[in-house]
Amino acid sequence: MNRLYAARRRRNAVAMVLSVAATTFGIGWLALILGVLLWEGLSGLSLSVFAEMTPPPGAAGGLLNPIMGSLILTVLAVLIGTPIGILAGTYMAEYGRYSPLTSIVRFINDILLSAPSIVVGLFIYEVMVAPMGHFSGLAGAVALAVIVIPVVVRTTEDMLLLVPNPLREAAAALGLPRVVVIGRVCYRAAKAGMVTGVLLAIARISGETAPLLFTALNNQFWSLDLNAPMASLPVVIFQFALSPYKEWQQLAWTGALIITFTVLALSIIARMLSATRKPS
Amino acid sequence: MQSTGRRPVVDLVLNGDAAGFGAMPARSKRLDRLRWGDALFHQLTRAAAAGVLILLSGVIISLIHGSLPAWRAFGFNFLIEDRWNPVTEKFGALAPIYGTIVTAFLAMLIAVPVGLLISVFLTELCPLWLRRPIGIAIELLAGIPSIIYGIWGLFVFAPFLQQTLQPFLIEVFGYVPGLSLLFAGPPYGIGILTASLVLAIMVLPFITSISRDVFEAVPPVLKEAAYGVGCTTWEVVRYVVLPYARVGVIGGVMLGLGRALGETMAVTFVIGNAHRISASILAPGTTISATIANEFTEAVGDLYTSSLIALGLILFAITFIVLAAARYLLLRIERRIG
């Protein structure tokens, strides 16, 4: 009897030690990656990174045009994707909460949410780049918008579903039509959560590379023309990191540092926003 | 009624009434406008929801349309042929398909046990005040863009593996019959094994956060009953928590698998991009997404482009099936909890 007990305790101890080890393993990677990123990226971080254009091979330069390009693409993608996402999410949580369309859309949306982003790039290439005959910043923005939509749909629906029904009923009892109830009551109650969703979407697309590779392509020069290829940070990192030139590789690390900390800052802000909501 | 500042919404309808009966037409006009606005907004939101469906069908139709020339030229052979020769324009998808499946499988082999153990730690062992920070740290791993994993894998992780793990594997298993095939060849650093390890780190947060959520959904009464009859923590996890959470865990694993199959940038950096099938996991290989990312902009000729789009279609079909299965399983567990 005692031997059995000892064996059970031993097995338990082994499992528990393993689970602690697994957790340190997981967190260790995070520390390791961020550490290397800081180490490699900080040494190249200077004002000229934000003030100069991407250099030709073997010369010094900065990342101004890809940073600007990334900003433009992200803002455009959010402007295109967010309204569609919010409207679709509104339908699913409000008008069509019990309609069969909603459950189909929810299923499809969840699949789009984790579909490979490179396929989105191929899709936009087929419907925009190939017919237009050239790569363009606009196509890149639309590709990113396709990634924004499912994220926003999901959070909007979830957040609107959290709005207590008595609020809707009280507003309806005053004789207000649904559109006013949604606009002035539901959206207001769900605002923090919906903003969180948009922030998460921005975090998601600001590091996306695959959908931009054959839509926005890349541009070594300063260009704000949406109809021409446009540089973006992730694509420049991809190109520079795989190059044999030291200066380019250094810029790639610096760009990686900028992206990562932007993304982490965004997701931490989003988390804080949704955390302050919870107790209420 | 005051009209300064923000007017209460009720005013929209009622303030016309202040004058008494004379205002009735104005009131009904306002009501009409609201009714129209409501109907319009209803249709608008419905169109947007339908837009999501259109988006998916658009993806499928455009991929099929774009890949037609490749299917016409190669037919079913495209799936079982491993030649990939842009010069003679002979294309077959077997090598990328093989690479995709092998890297994803190896990644899951590592990530699933580790992810489950982390969830066990978070739900059973971890002191309450530590739970949130650790949970957030693991989820931040999911937030790091995949290109960062790529550049890190190429410059830091691959050289590290080349000097440590890979020579070790070759030394230990290189002369064991059977296993020697798996670990044959020089340590390149980059290759299938490296890609799998990077993928494992990337999908770890997905598996962890979902299995933690389903572990937490296990009714405390069940666990308390098990503890009450003298079970150890491990026995509670093994015989109560895991069986209860099985469906959800499988859903989370499938979700992670969907990610691993479709992951592009991180893999592109470290897989080596060699269109061949070799038994050794130390050898360079390629995956569907890495092939597309590497070759698409340089592809000349319709058949080449079309073959790459056909690869995209295959990838989409595989991930669609995996993700649909994952969502279905997770939906089932949501219904049970709700």
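I worked from a predicted model, in which local features need pLDDT of at least 70, side-chain atom pairs count only at pLDDT 80 or more, and totals for chains, interfaces and linings use all residues. Residues are numbered from 1 along each chain as its sequence is written, chains are lettered from A and ligands numbered from 1 in the order in which they are written, and side-chain values use heavy atoms, with hydrogens and water left out.

**Entry 1: salt bridges**

I noted eleven salt bridges over all chains. I looked up D213(B) and found its partner to be R212(B), with the closest N and O atoms 3.7 Å apart. For accessibility I took buried as under 20% relative accessible area, exposed as over 50%, and partly exposed as in between (1.4 Å probe, protein chains only). D213(B) is partly exposed at 42%, whereas R212(B) is buried at 16%.

I then turned to D110(A), which forms a salt bridge with R327(B) at 4.0 Å, N to O. D110(A) lies in helix α4 (residues 100-113) of chain A and R327(B) in helix α14 (residues 302-337) of chain B, so this pair joins two chains. Helices here are DSSP runs of H or I, at least four residues, numbered from the N terminus. Both partners are buried, D110(A) with a relative accessible area of 8% and R327(B) with 13%.

**Entry 2: R8(A) and E235(B)**

I recorded a salt bridge of 2.7 Å, N to O, between the side chains of R8(A) and E235(B). Because R8(A) lies in helix α1 (residues 2-42) of chain A and E235(B) in helix α11 (residues 233-262) of chain B, this pair also joins two chains. R8(A) is partly exposed at 23%; E235(B) is buried at 13%.

**Entry 3: the two helices**

At what angle do α1(A) and α11(B) pack? I read about 80 degrees, with the axes 7 Å apart; axes are lines fitted to C-alpha atoms, for helices over the stretch in contact, and angles run from 0 to 180 degrees between N-to-C directions. The helices are therefore roughly perpendicular, a term that covers 65 to 115 degrees.

I listed the contacts (heavy atoms within 4.5 Å): R8(A), R11(A), N12(A), A15(A) and M16(A) in α1(A) meet T233(B), W234(B) and E235(B) in α11(B).

Notes:
Angles under 35 degrees count as roughly parallel, over 145 as roughly antiparallel, 65 to 115 as roughly perpendicular and the rest as oblique.
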